[in-house]
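I set out to record what can be read from this structure. My entries follow the order in which I looked things up.

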Amino acid sequence: MWIVLLAALSGLSVLSLFVGVIDVSLIDIWQDPETFHLFAISRGPRTVAVVITGGALAICGGILQMLVRNRFVEPMTAGTGQGAALGILLVTLYAPALPILFKMVLASVAALVSSIGFLAIVHRLPPTQPLLVPLVGLIYGGIIGAGVVFIAYQADLLQYIDIWMNGEFSGVLQGRYELLWIVAAVAGLSYLAADQFAIVGMGRTASINLGLNYTQVVVLGLVVISVVTALTVVTVGMIPFVGLVVPNIIARLAGDNLRMTLPLTAMTGALLVLASDITGRVLRFPYEIPVGTVFGVLGAVVFLWLLYAPRRHAQ
């Protein structure tokens, strides 16, 4: 799987550099300074942004599923993404002059608060009804999203929040995506606690009996999810289903050992989001379909497959 995923991701990354309104070739890169400039400020950053976003969102989906012990939840449909959008909207309304760093922090705090709220609600649900968890997540996220739309409507900012509600990469340029490097760092560092997240997925009692500080690990997971989600929403908007579909695919193919599967999850998420971005660029060329729309269709199909396909094995 490592070889296949790395080869596919490398191939699509190269292809992404050459897909666009302006036709370019390898010779043009070396001979034409304008073509090299195009790669440096637009297509290179866009490809990097897609890969980081897809991989980080997939990792966060896997972590959240362990925290709530349910395979049918993900940050963008369980209130975290909507909480980040609410934080950005409130900062835009009441403190528009704040530096981007403070806006990022406030959006992350709003995402963290909404994640804690979702976790508190989920822990009160009966464990014998696992399908209630994604249902509650959809309702919870829908309520927060409705609040965001209402506030934006009152402030005449509906068009402004559309940028956050539907993820796409057409506006990614050099100087406008660098926050995603923080996303990559946070998602990468979460690998250090992969074993602890896997133990948390066994439940509170089992975790404590194994000597794990359950509360500390849960808080760490929520912080990782909130920071990644907030910065992703700030930079490229919400891309649903990535954190839902990808961890389930990897769990079915390689089991639940996060120490082994998190890198596979990151590569698969990057691969699928990159494929969706390229598809969105060529379906109505020279116009673009947002990657959130394309992956939404792809995610729905894969989600149905996950519901009906038999599970191969678990580790």
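Buried means under 20% relative accessible area, with a 1.4 Å probe and protein chains only.

I noted that the model is predicted, that local features need pLDDT of at least 70 and side-chain atom pairs pLDDT 80 or more, and that totals for chains, interfaces and linings use all residues. Residues are numbered from 1 along each chain as its sequence is written, and side-chain values use heavy atoms, with hydrogens and water left out.

I looked up the core. The largest nonpolar core has 79 residues, and L67, F118, F169 and V242 touch the most other members. Helix α3, residues 33-68, gives the most to this core, with 13 residues.

I then asked which residues F169 is in contact with, leaving aside neighbours within four places in sequence. Contact means heavy atoms within 4.5 Å. The partners include R46, A49, V50 and T53, as well as V236, I239, V273, D277 and V291.

I turned to the whole protein. I found 14 helices and zero strands; helices are DSSP runs of H or I with at least four residues, strands runs of E with at least two, numbered from the N terminus. Buried residues make up 47% of the 315 residues. Among contacts between residues at least 6 apart in sequence, 76% join residues at least 24 apart. Along the principal axes, the C-alpha atoms fill a box of roughly 65 × 50 × 35 Å.

Technical notes. Buried means under 20% relative accessible area, exposed over 50%, partly exposed in between (1.4 Å probe, protein chains only). A nonpolar core is a set of buried Ala, Val, Leu, Ile, Met, Phe, Trp, Tyr and Cys residues joined through side-chain atoms within 4.5 Å.
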